There are 2 protein chains.
Amino acid sequence: MTSFAEDFTALSAIGATARGGVHREAASDADAAAHEWWAGRLAAYGFRVVHDGAGNQFGLLETTPGAPYVLLGSHLDSQPCGGRWDGAYGVLAAGHAALRVARRRAGGPPPRHNIAVVSWFNEEGSRFTPSLMGSSVHAGLLDAATALDARDLAGARAGDLLAAQHRLGGPGTGAPAVSDVAAYAEIHVEQGRVLEETGTTIGLVEATWAAHKFAVTVEGEQSHTGATRMHERRDALLGAAHLTVLARELSDRLSTAQAPLHTSVSQLTVEPNSPVTVAREVRLHLDLRSPDEAVLERASALLAERVPGIEDAARVGIRVVRTHHWGVRPLPAAGVDLAAGCADRLGLTHRRMMTLAGHDAIPMNGVVPTVLLFVPSVGGVTHNEGELTHDADAAAGVDLLTEVLDRLVDGVPVG
Amino acid sequence: MTSFAEDFTALSAIGATARGGVHREAASDADAAAHEWWAGRLAAYGFRVVHDGAGNQFGLLETTPGAPYVLLGSHLDSQPCGGRWDGAYGVLAAGHAALRVARRRAGGPPPRHNIAVVSWFNEEGSRFTPSLMGSSVHAGLLDAATALDARDLAGARAGDLLAAQHRLGGPGTGAPAVSDVAAYAEIHVEQGRVLEETGTTIGLVEATWAAHKFAVTVEGEQSHTGATRMHERRDALLGAAHLTVLARELSDRLSTAQAPLHTSVSQLTVEPNSPVTVAREVRLHLDLRSPDEAVLERASALLAERVPGIEDAARVGIRVVRTHHWGVRPLPAAGVDLAAGCADRLGLTHRRMMTLAGHDAIPMNGVVPTVLLFVPSVGGVTHNEGELTHDADAAAGVDLLTEVLDRLVDGVPVG
């Protein structure tokens, strides 16, 4: 059996970039190769590998026929020129924690639950919208047909790519349904600096930040960048620029030390994107996130209040569609307490915290009892080739996940 | 022989869009088809059709062996979802004016000059940078090899496409060099509202607006739109947005009724363009144009002055490279006077004016004596499928170009 560190090195080579990251967007060749490699490792370790109808890849360790599963996992896809740890760490940690528990229990009485590890399809959402796609389908929050119909900016359909990569299972392949899952646990790199700044090894996620996400279309009129008079232009790109500046201004105005407001504009598409043409349409994503729902409501209200002024200034029409609206969502306290006790026994420092980023644990939380754990990210660098988690922290996280799983398979309640 | 109107209808069908425009970017299939169709018409009319080494297509009417040419022309390529008149009008007007003069002179003494009509390659610059490509090569202002090496955003090379379309001629094909050109005349739709608002049929272009064009790169750092703290972000898209808003502000601050300043940001490329990633790099075009060079210098200075503040606000680096720097450039007064006289004889109202937009006549001007004429654009609408010039105005323009050419072939000096 290869070690966690050996597996992590091997996986990091798939889709590796020159600057130490990975470029492994969902359903790309590199993503398919990573899944094929991981399926091979799982099979060699004695897992039965199956796929569900949404591109999620499961490894099953069945010791107790017919029993529910404790499910551990994360994702193997990355952002464009992303980091090696984001998601990939959690998938390999899940596999190695499962193996350790299975060995520890070998020869003893069968545990109450079976074990499954999962690599969720398209957590990142960089290529296909929405993010958290595979876990959302599994949790019953997103229709599988809708997910498979997602297309990237070049028009490629997620379902077609997955089918060509033999990553779609039908009914009867044995992939666990969410109703077969007794509990879900995930470990992830923090993607922030709290653990590093406080000298803490383990983050115990108590709740997720609230988030409002918007799909925005700015509609102008195509004209000539030179000849058209300024006051006659209806410049969609100018409207988009005002929205981008406004998003930052919302954060500057409404953030407090206790309740920061994170805002962003991203994935901007300009039509037509010619050097001598005033843009007729710009589409973009605008996100607002905060640990305080009241701050978020104020931000959404201020955004709505300011849009008509931007429409007037740029002589454009702006359509704002709210695509996501999450409140602050707690994770089960019993799971946090369980993980805290395990960390204490391992001598690992820990602190309770919230997650700012989305993770596959978020759609699972609320549907099944869910535990979400963090290990430190150096400098908080993430969605970047420079992302780094120290080996000792990564190993500590696998140790902790092992202990948590060892209790979950006995049916210790976490929510 | 088909009429101008019949030819214009036939040409407008090539690359036609559902909303009445054309989508015929340089070296696209539609652009190649338009050139093939026009070569067929020219050949049928008795022109000898040849290509030069930069994708420019000439039709030659040689009545006086060894004599220089009077060259008339414009371009057949369009913006994405552009208008039918922009460029195409001038090419067909050139062909029909040439034919009329040739017939009028048939059987008489040979005129002093031969006649050539030209369709310049890639005037628009929407797909391949720079614009005015073919005419700039012909005028000796741009190296042919550099032009042919231009690549579109998808990586296709202009020279490879032209070669596959049999649109590259070598030495010895007989394409006139600029040293063989005695005078150049072009007629174009105004792309503005001055003629319409003043009830004038013909614009006599006395000078071109000054223009400064910049290629701008905004360099940030890739990070997470949710997790990264706001004050730690280095958001290239935010920097680009501030520049876009600044460009408009320059116009608002520095424009006067006598000396407007036209500004634009266009062709924005975001890396990586993921919905959950703070952009690490944005590239864009920023243009400043004015009939007053002093206003333009003030605008360029204010832009340079404001860039450091934007770098600080968005924590980005901004590189501004000036790619074009044209002063106000007069066209020869003798050519304006000649055309004014012809318009008077035809009973056409006319006014002297400047051109805001770039035209192939601009690189030719200063290298050979050049005349540039306008006909009205309805509502000034241009670079838009709704572009329109009334049939009567289009016909008047062909009449005028015919009269101007009839004098130019006799060697009437225009500059």
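## Close-up views of a predicted model

**View 1. Helices α1 and α3 of chain A pack together.** Helix α1 (residues 4-12) of chain A packs against helix α3 (residues 88-105) of chain A at an angle of about 145°, and their axes are 10 Å apart. This is a predicted model. Two packed helices are described by the angle between their axes and by the distance between those axes. The crossing of α1(A) and α3(A) is right-handed. From α1(A) come A:F4, A:D7, A:F8 and A:L11. They meet A:A88, A:Y89, A:L92, A:A93 and A:H96 in α3(A). By class, the residues of this contact are 7 nonpolar, 1 polar and 1 charged.

**View 2. Helix α3 of chain A, end to end.** Just after the helix comes A:G107, which takes a positive phi of about 85°.

View 3. Strand β1 (residues 48-51) and strand β2 (residues 57-61) of chain A pair in the antiparallel sense. The pairing runs over 4 bridges. One of the bridge pairs joins A:V49 to A:G59 in β2(A). Between the two strands of the hairpin lie 5 residues. In this hairpin, A:G55 takes a positive phi near 85°.

**View 4. A buried valine in a loop of chain A.** A:V368 lies in the loop between α11 (361-364) and β15 (370-375) of chain A. Is A:V368 buried or exposed? Its relative accessibility is 6%, so A:V368 counts as buried; the cut-off for buried is under 20%. Which residues does A:V368 touch, leaving out those up to four places away in sequence? They are A:V178, A:V181 and A:Y184. A:Y184 is 184 residues from A:V368 in sequence. In space, their C-alpha atoms are 6.7 Å apart.

View 5. The open sheet has 4 strands in the order β9-β11-β7-β12 (chain B), with antiparallel pairing. Its edge strands are β9 (262-271) and β12 (317-326) of chain B, and each pairs on one side only. Neighbouring strands of the sheet are turned by 15° against each other on average, direction ignored. Helix α8 (residues 236-254) of chain B packs on the sheet. It touches β7, β9, β11 and β12 of chain B. The direction of α8 makes about 170° with that of β9(B).

**View 6. Two paired strands inside that sheet.** Strands of a sheet pair through backbone hydrogen bonds, either parallel or antiparallel. Strand β7 (residues 210-219) and strand β11 (residues 281-290) of chain B pair in the antiparallel sense over 10 bridges. B:A210 stands opposite B:S290 in β11(B).

**View 7. Helices α1 and α3 of chain B.** The axes of helix α1 (residues 4-12) and helix α3 (residues 88-105) of chain B come within 10 Å and cross at roughly 145°. This crossing of α1(B) and α3(B) is right-handed. Among the residues that meet are B:F4 and B:F8 in α1(B) and B:L92 and B:H96 in α3(B). The contact has 7 nonpolar, 1 polar and 1 charged residues.

**View 8. Helix α12 of chain B.** Helix α12 (residues 391-408) of chain B has 18 residues. From first C-alpha to last it reaches 26 Å, close to the 26 Å expected at 1.5 Å a residue. How many of the 18 residues of α12(B) are buried? The count is 13, and α12(B) is mostly covered.

How values were computed. Residues are numbered from 1 along each chain as its sequence is written. Chains are lettered from A and ligands numbered from 1 in the order in which they are written. This is a predicted model: local features need pLDDT of at least 70, side-chain atom pairs count only at pLDDT 80 or more; totals for chains, interfaces and linings use all residues. Side-chain values use heavy atoms; hydrogens and water are left out. The expected span of a helix is 1.5 Å times one less than its number of residues. Buried means under 20% relative accessible area, exposed over 50%, partly exposed in between (1.4 Å probe, protein chains only). Axes are lines fitted to C-alpha atoms, for helices over the stretch in contact, and angles run from 0 to 180 degrees between N-to-C directions. A crossing is left-handed if the near helix is turned anticlockwise from the far one by less than a right angle, and right-handed if clockwise. Contact means heavy atoms within 4.5 Å. Ala, Val, Leu, Ile, Met, Phe, Trp, Tyr, Cys and Pro count as nonpolar, Asp, Glu, Lys and Arg as charged, and the others, Gly among them, as polar. Two strands pair if DSSP finds at least two bridges between them.
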